[in-house]
Amino acid sequence: MRYYVTTPIYYVNDVPHLGTAYTTIVVDAIRRYHQLRGHATRMLTGTDEHGLKLEREARSRGITPEKFVKEMSDRFEAAWPKLEVVPDDFIRTTQPRHETLVQDLWRTIRDRGDLYLGTYEEWYCVGCEGYKTEKELLPGNLCPLHQRPVERMKEETYLFRLSKFQDRLLDLYSRHPEFIEPESRRNEVISFVEGGLKDLSVSRTSFSWGIPVPDDPRHVMYVWFDALANYWTAVQAPPDLHAYWNDATVVHVVGKDILRQHAIYWPAFLMSAGLPLPAKIVAHGFLTFGGQKMSKSLRNAADPISMAYSLSQAMRASEDAGADVLRYQLLRAIAFGQDGDFDPSAMVERYNADLGKNLGNLLARTLGLCIKMTGTRVPAQGVIGPLERELYAKVEEARNLAIKGWDEIEPHRALESTWAIASAANQYVDRAAPWAEDKQGNRARVGTILHTLLSVLGLLAKLVWPVMPNRSDEMHRQLGLPPVQAAAGKDWLPAARETRSEGEPLTPGAPLFPTFDEAAGAALIESITPRVGDASNVSTGSAVGRDTVRPEGPAASGAPTLPGNSAFPVSGESTSISYDKFSTVDLRVGLIRDAVRVPRKDKLLKLMVDLGEDSLRTIVAGLALTFKPEDLLGRRVIVVSNLEPREFGKGLVSHGMVLATGPSDQLVLASVSSDAPPGARLK
Ligand code: MSP
């Protein structure tokens with residue numbers, strides 16, 4: 001079997017965080033499972049580097065898009081191996097190998113008659129790099145995901161005849177129900193397609209940071225046309241990789257937010273080009289924190305690398321041990337396909353229970369009993385009795401379920417069943433009571449019990465390898481077994497019964513997962529809990545985004561609240577507030593990039609303010625009696641950036657407040673010295 005599994009390629013306006021690490025770790029674990037079974041495997045990840053969002057982001061930082069995307073892509077490429085993710089290839093959509101082939105794909109689709117020139121007008125969310133139908137928008141024309149106003153886009157564009165593929169897509173979904181998983185998501189896609197597909201705009205003339213359309217350089221390709229193709233372009237050279245597209249089980253693992261592109265657009269592009277389709281698109285849910293999708297732009301994301309580091313510190317083990325534990329936690333705690341909230345205390349509890357007291361203890365007590373009763377060599381199996389038969393029956397059943405869990409891409413179930421084996425073995429030790437047999441001098445029986453435990457532990461060491469490769473190696477080492485060295489054609493899980501030969505040496509070592517006492521657990525929780533609102537949670541850049549923390553008290557207005565008569569009031573009634581309360585107000589340096597009057601509102605100006613985010617913020621401010629719009633261009637101001645959006649009618653929504661003082665016709669803006677970059681936080 002040849003198995004090719006991919007992650008989405010990540011936008012480089014963000015940095016790797018726990019949410020994107022989740023997707024990547026899931027894919028790495030699935031791929032490792034197939035390696036374990038001896039399949040020929042390939043894993044692809046990479047970065048999505050074109051599009052308006054990235055062009056704007058680079059511009060707002062004053063660097064070229066090329067430089068910006070390279071720097072950010074490097075972070076992704078460097079991050080994943082620290083989490084024990086070992087992709088075979090890392091694709092960047094700005095690489096010539098990709099660009100040339102995407103242009104070939106375009107020509108093929110064009111020559112089939114599935115591309116034509118037209119115009120397109122629709123609401124567009126720069127955050128999603130995607131069009132939104134009227135129906136999808138929240139009041140105030142906000143994108144439901146980014147909670148930011150969408151933009152009206154009208155331009156000459158090439159359109160892909162998506163409508164032509166409606167029936168073929170529905171036929172695909174009905175003939176291959178396994179094409180989209182889980183089922184609930186499949187149904188969503190089917191009803192969307194049944195609702196009617198419109199032709200898809202696949203080029204842009206309004207920006208240039210993209211792959212040029214062949215024979216029409218005024219246009220660049222729509223970022224999704226370019227991005228989806230990565231899965232195919234990455235296996236076009238050298239030619240021996242072709243089999244990973246033409247003769248392989250191809251599985252794309254994606255977040256639920258990008259299922260539509262993968263389950264509708266991508267197969268339609270491939271059908272048009274006459275290329276084989278992937279076998280499966282699997283959508284997972286979001287990793288949330290406090291109920292909000294984790295992302296750096298929402299400022300609630302955790303840095304997975306520092307989490308792995310904190311875990312290994314707490315375990316007093318090497319860094320790779322922490323990465324293993326993080327991988328286990330993510331895959332075990334989140335029911336694949338559903339959203340899962342990141343809960344540091346539950347993580348500590350699960351560590352102690354599953355890893356410390358269950359699997360870790362099983363290994364430690366088994367080896368401890370061996371040293372005490374039979375020495376550091378595997379004892380003879382002897383004659384197995386009813387307890388062993390019962391245990392092996394449970395082990396076999398759970399092993400089969402674990403395999404099923406992996407085969408069906410349900411890692412949480414695979415792990416649940418794997419841990420059922422560890423629990424059964426722990427119960428078996430208690431029931432078989434080797435200490436009692438030893439006391440009575442039943443040496444053969446003691447040998448049988450310990451041999452049985454060593455054999456089950458050997459199986460467990462393999463079953464945990466996809467998720468915890470380092471801890472698996474360490475288990476193998478202590479058990480005196482060679483570590484998993486995956487190779488095509490070698491199945492490391494051939495049977496439920498691992499055979500051990502009498503006399504093989506054992507090399508007990510430090511506990512695999514030392515349990516955390518209360519103080520260590522509390523310290524760990526403190527160090528891994530994301531500080532909501534702190535852009536430094538993930539270690540890069542100045543991009544900060546929408547609010548996740550709402551200030552308490554009455555909803556503030558988008559326009560400054562202006563004082564009454566006195567020119568510059570120096571005090572008002574003030575009650576003291578705690579630092580914690582103050583810290584919920586997110587004050588940022590904003591750079592005014594654009595200002596216009598608001599028709600029929602003589603006090604208001606509509607500002608476009610750079611807060612170092614993906615796109616400019618719209619802020620409606622009562623500044624018009626003091627300032628002409630052009631006076632404000634390039635001014636640095638202080639912005640309350642986490643006010644809830646406020647509507648000013650006709651789709652005009654303000655996303656923040658500019659601080660000023662004075663009467664409305666003599667306002668003075670609060671500001672900072674010109675050195676502070678847009679988005680810098682005031683504290
Ligand atoms: N560039 C596109 C994908 C193109 S694939 C041809 C994109 N990039 S992204 O960086 O915004 O998101 C990539 C993936 O990361 C998505 O599958 C998304 O769901 C996932 N995640 C981002 N944040 C996440 C969580 N908080 N939780 C789980 N998955 C997360 O979309």
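Predicted model: local features only at pLDDT ≥ 70, side-chain atom pairs only at ≥ 80, totals over all residues.
## The chain as a whole

Let's start with the overall picture. The protein chain holds 21 helices and 26 strands. Its radius of gyration is 29 Å, close to the 26 Å that the globule rule gives for 683 residues, so the chain is as compact as a globular protein of that length. Along the principal axes, the C-alpha trace spans about 100 × 70 × 40 Å.

Of the 683 residues, 56% are buried. The accessible surface of the chain comes to about 27,800 Å², and carbon and sulfur atoms account for 51% of that area. If you take the contacts between residues at least 6 apart in sequence, 76% of them join residues at least 24 apart. As for charge, there are 80 positive and 85 negative charges, and their mean positions are 1 Å apart.

## Strand β1 and its two neighbours

Strand β1 covers residues 2-6 and is mostly covered, with four of its five residues buried. Strand β3 (residues 40-48) runs parallel to β1, and five bridges join the two. Within this pairing, Tyr-4 stands opposite Arg-42 of β3.

β1 also pairs with strand β13 (residues 249-255), again in the parallel sense, over four bridges. Here Thr-6 has His-252 in β13 as its bridge partner.

Trp-245 sits in helix α9, which runs over residues 243-246. With a relative accessible area of 2%, Trp-245 counts as buried, because the cut-off for buried is under 20%.

Which residues does Trp-245 touch, leaving aside those up to four places away in sequence? The list includes Tyr-4 and His-252, and Tyr-4 is the residue that stands opposite Arg-42 in β3, while His-252 is the bridge partner of Thr-6. Leu-275 is 30 residues from Trp-245 in sequence, and the two are 8.9 Å apart in space, C-alpha to C-alpha.

Next come two open sheets. β10 pairs with strand β12 (residues 216-221) in the antiparallel sense over two bridges, and Ser-203 has Met-221 in β12 as its bridge partner.

The other open sheet of three strands has the order β16-β15-β17, and its pairing is mixed. Its edges are β16 (292-293) and β17 (340-341), each with a single partner strand, so one side of each is left without a neighbour in the sheet. Strand β15 (residues 287-289) pairs with β17 in the parallel sense over two bridges. Leu-287 stands opposite Gly-340 in β17.

## Asp-354 in helix α13

Helix α13 runs over residues 344-373 and contains Asp-354. Is Asp-354 buried or exposed? Asp-354 is buried, with a relative accessible area of 14%. Not counting residues up to four places away in sequence, Asp-354 touches Tyr-328, Arg-332, Leu-359 and Trp-419.

Strand β18 (residues 587-598) and strand β19 (residues 601-610) are antiparallel and pair over seven bridges. Asp-594 has Met-608 in β19 as its bridge partner. Two residues lie between the strands of this hairpin, in which Arg-600 takes a positive phi near 65°.

β19 is also joined to strand β20 (residues 617-621) by five bridges, and these two strands run antiparallel. Lys-606 has Val-620 in β20 as its bridge partner. This hairpin has six residues between its strands, and Gly-612 in the turn has a positive phi of about 70°.

Definitions and conventions. Residues numbered from 1 in each chain as written. Heavy atoms only, no water. Rg over C-alpha atoms; globule rule 2.2 N^0.38 Å. Buried < 20%, exposed > 50% of the residue type's maximum accessible area, 1.4 Å probe, protein only. Contact = heavy atoms within 4.5 Å. Areas by Shrake-Rupley, 256 points an atom, 1.4 Å probe, with all protein chains shown as cover. Lys, Arg positive; Asp, Glu negative; His and termini not counted. Charge placed at Lys NZ, Arg CZ, Asp CG, Glu CD. Pairing = 2+ DSSP bridges.
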